There are 2 protein chains.
Amino acid sequence: MSRKIAVVLLSGGLDSATCLAMARSQGYGCYCLSFDYGQRHSAELEAAATVAKHLGAVEHRVVRIDLAQFGGSALTDAAIDVPTTGLGLGIPVTYVPARNTVMLSLALAWAEVLGARDLFIGVNAVDYSGYPDCRPEYIAAFQRMANLATKAGVEGQSLNIHAPLIDLPKSEIIRRGIELGVEYGLTVSCYQADRDGRACGLCDACRLRCEGFAAAGIPDPTRYAGAR
Amino acid sequence: MSRKIAVVLLSGGLDSATCLAMARSQGYGCYCLSFDYGQRHSAELEAAATVAKHLGAVEHRVVRIDLAQFGGSALTDAAIDVPTTGLGLGIPVTYVPARNTVMLSLALAWAEVLGARDLFIGVNAVDYSGYPDCRPEYIAAFQRMANLATKAGVEGQSLNIHAPLIDLPKSEIIRRGIELGVEYGLTVSCYQADRDGRACGLCDACRLRCEGFAAAGIPDPTRYAGAR
């Protein structure tokens with residue numbers, strides 16, 4: 001294979017869009033993968049498709065997996081409210097059980113078929129310190145497992161899980177993304193965006209995003225649903 | 001929680017049925033998980049439901065994931081023929097990319113929601129020496145990753161991936177299953193069973209199963225589609 005290719009997990013939010021732009025800037029042909037996992041709204045999947053196109057992805061696929069049938073998270077279980085009063089301590093109710101593991105596993109399956117040895121995921125340990133599967137030691141353990149799980153590993157080619165945002169503050173992620181041509185107005189981070197992709201401005205994801213733009217000194221292009 | 005519970009991966013084949021019987025014999029309340037991953041036939045999913053009921057599972061769920069959209073295996077890609085001329089060397093074309101990783105990841109998600117700390121998978125390194133994700137070192141690496149990925153791991157409770165068949169020859173698996181009350185006539189192992197669950201008798205899975213019954217000195221209850 002002459003061209004280097006990567007599978008990039010793309011949610012449609014700010015972080016994964018930046019991660020895709022970084023992979024592109026490193027010369028990867030990018031195969032983007034999104035998940036319809038029973039999240040509350042489809043605005044972020046529409047954003048993912050737009051962002052993939054805007055940033056020149058080779059291909060964008062959406063895999064449907066019904067994580068909602070297991071419940072256990074405010075993002076997939078309509079009976080659990082999304083918190084809107086600010087970040088708390090510990091693992092938040094918006095944590096989706098084993099989500100990154102499930103997504104990376106499916107990315108791994110696609111990578112094997114494509115012959116890609118690089119996977120990109122926009123996890124961040126700064127903002128999501130309460131999510132166990134956003135920590136560097138988790139990413140390292142997944143990479144080790146992936147190398148034992150697959151043909152590529154058996155044949156001595158190493159698989160690499162890239163998490164280029166893992167230790168960056170949100171403001172720095174935004175600055176780098178702007179340099180790489182990300183249009184953040186196309187992205188949707190809100191946990192409970194409306195059908196038109198307008199953000200609530202109150203959930204943890206909105207708060208982190210809004211604070212990031214303020215700290216970066218960059219105007220926030222997010223469309224908000226209500227008065228703020 | 002007073003009762004010990006486990007998530008058990010159940011395909012409807014001989015190995016996973018035995019694995020479920022072993023988990024039950026160890027006193028676990030079993031939550032069985034099957035996958036509709038675009039395999040060629042649905043007979044094994046019907047067998048999984050029957051086996052789960054017969055062996056007293058608490059619950060049985062089927063998650064649909066479209067691994068076929070990635071292709072790359074004779075089990076999910078209609079353009080690749082299932083080999084019927086006997087076992088070869090290396091990784092067979094019936095290998096489904098990252099299948100065990102995807103399945104264990106979803107089992108992990110359900111386990112987190114249930115509060116289960118034990119997962120059972122009927123992988124076997126003897127018969128499937130060509131499958132990278134059937135090796136003990138892979139299972140150990142998945143367990144390590146799972147403990148870093150989840151709330152349970154963060155809270156210091158360990159998650160255990162049990163693979164009780166991993167080093168057993170097929171004849172021994174069958175002997176133990178018979179002792180534990182498994183009715184193998186209910187199971188379907190064939191890679192290309194017909195709609196009624198009748199086996200081809202020629203694919204690798206059929207050959208290994210048939211040889212296992214012969215080696216165990218136990219009559220083979222498999223229903224075959226053609227004359228043998």
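Predicted model: local features only at pLDDT ≥ 70, side-chain atom pairs only at ≥ 80, totals over all residues.
## Chain A at a glance

Let's start with the parts list. Chain A has seven helices and five strands, and along the sequence they come in the pattern β-α-β-α-β-α-β-α-α-β-α-α. Of its 228 residues, 51% count as buried.

The five strands form an open sheet in the order β3-β2-β1-β4-β5 (chain A), with parallel pairing. At the edges are β3 and β5 (160–162) of chain A, each of which pairs on one side only. Neighbouring strands of the sheet are turned by 25 degrees against each other on average, direction ignored.

Now for β1 of chain A, residues 5–9. Four of its five residues are buried, so the strand is largely enclosed by the rest of the structure. One of its partners is β2(A) (residues 29–36), paired in the parallel sense over five bridges; here A:Leu9 stands opposite A:Leu33. β1(A) also pairs with β4(A) (residues 118–120), again in the parallel sense, over three bridges, and in that strand A:Asp118 is the bridge partner of A:Ala6.

α1(A), residues 14–25, lies across β1, β2 and β4 of chain A and runs at about 170 degrees to β1(A).

## The sheet in chain B

Over in chain B there is an open sheet of five strands with parallel pairing, in the order β3-β2-β1-β4-β5. Its edges are β3 (59–64) and β5 (160–162) of chain B; each has a single partner strand, so one side of each is left without a neighbour in the sheet. From one strand to the next, the twist averages 25 degrees.

β2(B), residues 29–36, pairs with β3(B) in the parallel sense over six bridges, and B:Tyr31 has B:Glu59 of β3(B) as its bridge partner. Helix α3(B), residues 99–114, lies across β1 (5–9), β2, β3, β4 (118–120) and β5 of chain B, and runs at about 160 degrees to β1(B).

## One buried side on α6(B)

Helix α6(B) covers residues 170–179, and B:Lys170, B:Ile173, B:Ile174 and B:Gly177 are its buried residues named here. They cover an arc of only 95 degrees around the axis, which puts them on the same side of α6(B).

After α6(B) comes B:Gly181, with a positive phi near 90 degrees.

## Where the chains meet

Across the interface, 37 residues of chain A are in contact with 37 residues of chain B. On the chain A side, β3 (59–64), α3 (99–114), α4 (136–149) and α5 (151–154) each supply at least two residues. α3(A) gives the most, with nine residues. By class, this side of chain A has 21 nonpolar, seven polar and nine charged residues.

As for symmetry, a rotation of 180 degrees with 0.0 Å of shift along its axis superposes chain A on chain B, with an RMSD of 0.0 Å. The two copies are thus related as by a two-fold rotation axis. Of the residues of chain A, A:Ile65 comes closest to that axis, with its C-alpha at 2.8 Å. The copies meet through the same surface, because 100% of the interface residues of chain A are also interface residues in chain B.

## A tyrosine that touches both chains

B:Tyr138 sits in helix α4(B), residues 136–149.

B:Ala107 is 31 residues away from B:Tyr138 along the chain, and their C-alpha atoms are separated by 16 Å.

Technical notes: Residues numbered from 1 in each chain as written. Chains lettered and ligands numbered in written order. Contact = placed C-beta atoms within 7 Å. Nonpolar A, V, L, I, M, F, W, Y, C, P; charged D, E, K, R; others polar. Least-squares fit on C-alpha atoms with pLDDT ≥ 70 in both. Pairing = 2+ DSSP bridges. Axes fitted to C-alpha atoms, helices over the stretch in contact; angles between N-to-C directions. Buried ≥ 20, exposed ≤ 12 C-beta atoms within 10 Å, placed from the backbone. Arc of directions from axis to C-beta.
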